[in-house]
Amino acid sequence: MKTIYTIIICFLFVTANNAQEKFLTKNGSISFFSSAVVKDFKADNNQVLSIIDTDSGKMAISILMKSFMFEKALMQEHFNENYVESDKFPKATFRGAIVDFDSITDLETKLEVEGIITIHGVSKEIVISANMTRSEESIVLRGEFNVLLADYNIEIPRVVSKSIAKTIKVTFDFNHKPYNK
């Protein structure tokens, strides 16, 4: 009888461990801010999908470009039609890994995330600093980085070149929870 209980306990432990292998958020948030001579632009997207594999520290992010919300509908329309061409390039993605993932604790730790970011059909290697915390209930990543629009073949028409900055500040906040199938 002891053997049966031991087997059941071991099975439950293995099942519980496997359930903790991936952490996911479907409502991560990404914002961008453009400060230019004529006007500042800000957009928010709270429908960002992000997943972390806790065994490897690998991370993937998927962003629907049409989910960015602007202060004015006309700004959103120009963003989707003229700049990021969301019908042609509907998503921006990131695939990479958190460096020294195992060192993340429940105290905020500053680490780097390395990988490939794809925006507007162009993929580039990137290293981003992020503040992270980790517990059994969540893995939180917060930070910011800059995107040079020219690196991703996003063209700014000369007519509005003073209204839109060439470099955009991107801010992110992800609160991943254990993924249970």
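For these notes, buried means under 20% relative accessible area, exposed means over 50%, and partly exposed is in between (1.4 Å probe, protein chains only).

**Ground rules.** I am working on a predicted model, where local features need pLDDT of at least 70, side-chain atom pairs count only at pLDDT 80 or more, and totals for chains, interfaces and linings use all residues. I number residues from 1 along each chain as its sequence is written, and side-chain values use heavy atoms, with hydrogens and water left out.

**Entry: the search.** I looked for salt bridges (a side-chain nitrogen of Lys or Arg within 4 Å of a carboxyl oxygen of Asp or Glu). The whole structure has five salt bridges, and I followed up on some of them.

**Entry: Asp44 and Lys42.** I found these two in a salt bridge, with the closest N and O atoms 2.7 Å apart. Asp44 is partly exposed at 27%, and Lys42 is partly exposed at 44%.

**Entry: Asp87 and Lys66.** Here the side chains meet in a salt bridge at 2.6 Å, N to O. Asp87 sits in the loop between α2 (73–83) and β5 (91–98), and Lys66 in the loop between β3 (58–64) and β4 (69–70), so the pair ties together parts 21 residues apart in sequence. I took helices (H or I, at least four residues) and strands (E, at least two) as DSSP runs, numbered from the N terminus. Asp87 is exposed at 66%, while Lys66 is partly exposed at 48%.

**Entry: Lys169 and Glu144.** The closest N and O atoms of this salt bridge are 3.8 Å apart. Lys169 belongs to strand β9 (residues 167–178) and Glu144 to strand β8 (residues 139–148), so the pair ties together parts 25 residues apart in sequence. I noted Lys169 as partly exposed at 35% and Glu144 as partly exposed at 45%.
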